[in-house]
Amino acid sequence: MSEVSSAVEAEFRGGPRAGAPLPPGPLLGFVVAVAAVAFIALLTYHSLQTRSVAAKRVTHTLQVMDQLETILSLTKDAETGQRGYLLTGEEPYLEPFSDAKVQLPDELHKAYDLVEGDPVQLQRLKNLEQAVKDKLLELDQTIALRQKGETSAALTVVRSDRGKTHMDRIRQLATTMAASERGALTERQDDWQHAEYISSAVTFGGSSLLLLLIGTAAILTSRDYRARRTQVWLRTGQMVFGQRIQGEQRLERLGEHVLTFLGSYLGAKVGALYIAEGAGVFRRFAGYAMAAGSDVLRAGDGLLGQAARDSRPLRVQNVPDNYLPITSALGHGAPREILIAPATADGTVHAMVELGFLRTLHSEDLELLNRISESLGVAIRASKDRTRLEELLEETQRQGEELQTQQEELRVSNEELEVQSRSLKESQAQLESQQAELEQTNSQLEEQAQLLEHQKDELSRSQAVLTERAAELERANQYKSEFLANMSHELRTPLNSSLILAKILADNRAGNLTAEQVKFAQTITAAGNDLLAIINDILDLSKIEAGKVELAPETVTVARILDDLSRTFQPVAQNKSLGFRVELATGAPTQIETDPQRVGQILKNLVSNALKFTEAGEVTVRVFPGTHQTLCFDVKDTGIGISEHQREIIFAAFRQADGSTHRKYGGTGLGLTISRDLARLLGGDISVMSTPGEGSTFTLTLPLVYRANTNAAAVSPLAPAPAIASPPATPRPAPGQTPRSMVEDDADRIQADSRLILIVEDDPSFATILRDLAHELGFQCIIAHTANDALAAVATYRPKAILLDMNLPDYSGLGVLDQLKRNPQMRHIPVHVVSVADYSQEALAMGAVGYAMKPVNRDQLAEALQRLEAKFSPGVRNVLVVEDDERQRESIRQLLQNDDVKITAVRTAADALARLRETTFDCMVMDLNLPDFSGYELLQKMAETDEVSFPPVIVYTGRSLTGDEEQRLRRFSKSIIIKDARSPERLLDEVTLFLHQVESKLPVERQRMLQVARDRDAALEGRRILVVEDDVRNIFALSSLLEPKGAAIEIARNGREALESLTRNPNVDLVLMDIMMPEMDGLTAMREIRKRPDWKKLPIIALTAKAMRDDQEKCLAAGANDYIAKPLDVEKLMSLVRVWMPK
Amino acid sequence: MATEDADIELHLLIDAIYLKYHYDFRRYATASIKRRLTTAMSRFKVGTFSELQSKVLHDPAMFPALLDFLTVPVSEMFRDPSYYRSLREMVVPVLRTYPSLKIWVAGCSTGEEVYSLAILLRETGLLDRSLIYATDINPGVLQKASAGVYEVDRIAGFTEAHRKSGGTTSLSDYYTAAYGRAVFDKSLREHIVFSDHSLATDSVFAEVQFVSCRNVLIYFNRDLQDRAIGLFRDALCRKGFLGIGSKESLRFSAHRDSFIDLVPNDRIFQKQDAL
């Protein structure tokens, strides 16, 4: 590392521009190349030069020869002309001669020019010239002679052979010269060839040399390029690595970053980081695609330990099969090579990196690891230090807190001590004075003690007397019962005999009695029977009171009991001309386990009473099943009935409805008392309903199974068990699966960037209509029939917009809407609802862009689709500002103005409504004081009018609001801002929130509630529920949970208001009561409610934030029927409401 | 070895209290609770935690007395005046923009801080639309707090602190002194709900704009501190405020990222949007 840096340092000493322009290698190459090119050029030039000279010489030779030829030819012409003339003597023959004579000097002169520089040839030319001159002279002579007419002389001259000699000489000289030139020509042609040979050689040699140089340059450049690339790769690696480990990172995060980097940059498939923990122990703290393995290693342990001890990278090529396995969901394999490198800083190994590769490693991989080793070491050391520092800081914080606690405690004990010392002083003084007093009172006390002793004796005496009296009383009572029992027996014996005798008399078997006497005897019998009945009744009652009744429970059929009754009373009824019917209701149990004799007794009493008090009409006995495992016997008559105030009296012993009754119908009046006592003994009871003049119904209720230990007095209707059935969990969409819809859609041919719309509709025919309309308007569409499918489809296809039905088979559209709005990836997708059910307020509040109620016409649907399109096409957000004050309006506009927001500011509520009718706004900011009507009225109107969109509303007002006003506004607006110094800031904040949906719009609790709120719950339809709760959030949540189910909600914000509300609306069915409230808390309120007799049975469910059992017991003790802990569990609350809602 | 035994006994005692009386001290800072129970031991004249346990289990009447040892009722009005000054300057202006206000004083002890806040709100004209929830686990101190009666010799200190906190009125406007006691104005109490609430076991009960919980977290271990701060976070509205004690910190809390520092010196934080 340091060598590298020093080398770099040396290279760049003096700045980047100083030094050689090129590295030495390439420089030398370039110099050689330049030299070679120069050399080749030189050689080529030279050979060209040679060739050109040779060519010139050849040409020259040929010219010389040509010239010689010309000269010879001219000479011959001259001779020919001379001969012709000599022969003919005619002048025209002389012409060639004259011409030659004129031209020859010129030609000779030319020849001289040509042979200049060649002395031999020059000499020969001179000789030739001489010969030509001689020849011409001879010719002249001859011609001159001929002209003079001396033909013969001329011929003589000719015959002298002088001319021939000259001619020969000329010929010989020309031939010699030509031969000489020809020799030169051959020589020059050789030269030419030589030059050509040299030239080719130079060309070939030079080209080869150049090729060689180019090759070398290419190799050098390539090597340089590679080296540079490796350097860049290494540097980039170092740089990226440096970025990854930058900043304050915790160790685990650092490790993760390092390994992710190495994994991607080096292409390692698996990796792990171990941190040195001192004493040569290494602990794994980060893994990359690691299967579970050993976490702790020691220096010298295994390969890694070895590398750590040697503090140098280790490369392992033949990796054992099970070493650092690479696993994936599909299988696992072994890496081909393993690289283990230490991360050192200042010579200490701080961590070890272990990487597994599926490829072969190169030296640069090792180099990179080497280079980053130190920065990794430093980073890990820093991170370790930081972690340590954090720990220390935390420790310090803890100690600070501890110190503070001690200080606080010390203060407490100080205060306590002070109080104690003060009270000590006080008490000391008091003690002193008390001592005096004590001494004084001591004597008094002694006296009093004596007196007390006396009194105590007396008291205990009278107590003993009292105890004795009580025992006596009890005894007397028992005696009375026993006496009565005995007495009735004693009475019965003589009565019995008198009855038998009277009967015999009345029968008048002897026939010696007059008719009147017989009648007397019959009267005696009747009176005696009455007396007997009275005695029996008294006996029964006393037995019951004395606890001497023994019950013999057995299983009897109900039919048998009824048969008995029928048999007994049918004749009686017929006698009185009354109807008598027994009915066994369908579904009534056929058997009952009880004491049949006693049941018979009770029923007989009731039926005989009924018959007794009925003059006309009928008596009906009806058996039907009661609640809680009971069986009921109704004995209904059409008799005189019992007035309300007499109803209690009739069951009292020894009392009858009134004296006249007694006189008219007879009887002891004990029958009902006995019946009821018996019924209670059997674990049941008797109740009565009656209208005077129309008849009475006595109902005997008996348990199906008699339990011996049932305390008759404590028999009361069993409290219904709060059965809370938890409904099945909300189905979750299974991601990744997109079931096909029943209606054909565009799922298979979705084009990229298409205007894709998702239609969620369970009715296939309506879905088809929607699809066709969507196609018509140029949308592509996919169709889902259930909520789950819809969510899966959104995840898969990412539609631009959604048309949503509310009533889906699995769960409600509101649930889908909720899930969409809670998912950050889906939140922006605009949703338009089309449904038969009216959840418009909920849906719009949850962020739906519109709501259309079925049945819808084509235009409405088209409008819905267009509205959706307007939403998903990116554009400006619309904000409506309703504010009457010009300056305020302008300032709000200034505040909210930016590129993406279009602000429409209006002055009046009417304007606002008009605008809302025209445009869909994303958010509305409104003042409450408006010139035409109040902000509240505006909101009301907006809610009532269907064609007006209802955007999220922010109330921005200068008025302070009363609790009531706030409550009313809360129904429409979740955000109310009071104008003040800091309110612009909050306004901007809230508007931004609504426009960008940073957070989902609703509190999580409420969203959950809405998700569960599926359909109107029949149990709540039309019921009134009083919600006593002061927290706006909860009121909002509870009303939006209960109201859609058809319940009417009253709201009270504290216990006092709850009482007032109950007084005002006595028909409240159920109360949900918060505990922690101002003015009057929930516990007090419940106690107050229970004090009023007519609210005794009003079901109250307490809502408590407390979790402990005894807190809940407190609620129950205060009068709650049940309780539920906050935060409210929607399912549980609904169950409780259903359980406790009166049927 | 002895301390080990004592630790076991302490653990059992705390569990016993939880099982019998449903007061959860299991996640309180051990050192502090041990010290306090040790003091209680000498007061109840027992030698070991086990004896204390046996006593408290079999004598329910004794528990309230023990509870007074377990909780540390130290409080004064306008304690750390700069905290109140910061509330006045940084928090109240924002609270003013809410139509109605809810404030939660968690661990209100004998109520000094609650009355201080009520006075501050009255001075800034916000009290009429405010509701202060004052909660504590000790019914005894809640009763004292609800009475609003303090020793008259503490009033001088309170007055000084009130002045330093930037009070705009005189503290004497709010109390009547007689018989060595000072009673605070009933009209303040109309806006306060005193209630039993445990940060260890109970849940959020209302949405509030401001939570003041000072010198309570110091008695908790990290876990319980996190639970309590989590409750505060859930109770606070968007951008609501949280004030804690001068020696307390959110730095190591799991919910650190839910809050931003507003006045670091006075430990006033503002809830920030979870993104």
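Visitor: Before we start, what are the ground rules here?
Guide: It's a predicted model, where local features need pLDDT of at least 70 and side-chain atom pairs count only at pLDDT 80 or more, while totals for chains, interfaces and linings use all residues. Residues are numbered from 1 along each chain as its sequence is written, with chains lettered from A and ligands numbered from 1 in the order in which they are written.

Visitor: OK, how many helices and strands in chain B?
Guide: Ten helices and ten strands; these are DSSP runs numbered from the N terminus, helices being H or I with at least four residues and strands E with at least two.

Visitor: What's the strand order in the open sheet?
Guide: Seven strands run 6-2-1-7-8-10-9, with mixed pairing. Strands pair if DSSP finds at least two bridges between them. Strand 6 (192-196) and strand 9 (259-263) of chain B are the edges, each pairing on one side only.

Visitor: In which sense do strand 1 and strand 2 of chain B pair?
Guide: Parallel, over six bridges, linking residues 101-106 with 130-136. Within that, Ile103(B) has Ile132(B) as its bridge partner.

Visitor: Which strands does helix 10 of chain B touch?
Guide: Helix 10 (residues 222-235) packs on the sheet against strands 1, 7, 8 and 10 of chain B, at about 155° to strand 7. Contact means C-beta atoms, placed from the backbone, within 7 Å. Angles run from 0 to 180 degrees between N-to-C directions, using axes fitted to C-alpha atoms, for helices over the stretch in contact.

Technical notes
Two residues are in contact if their C-beta atoms, placed from the backbone, lie within 7 Å.
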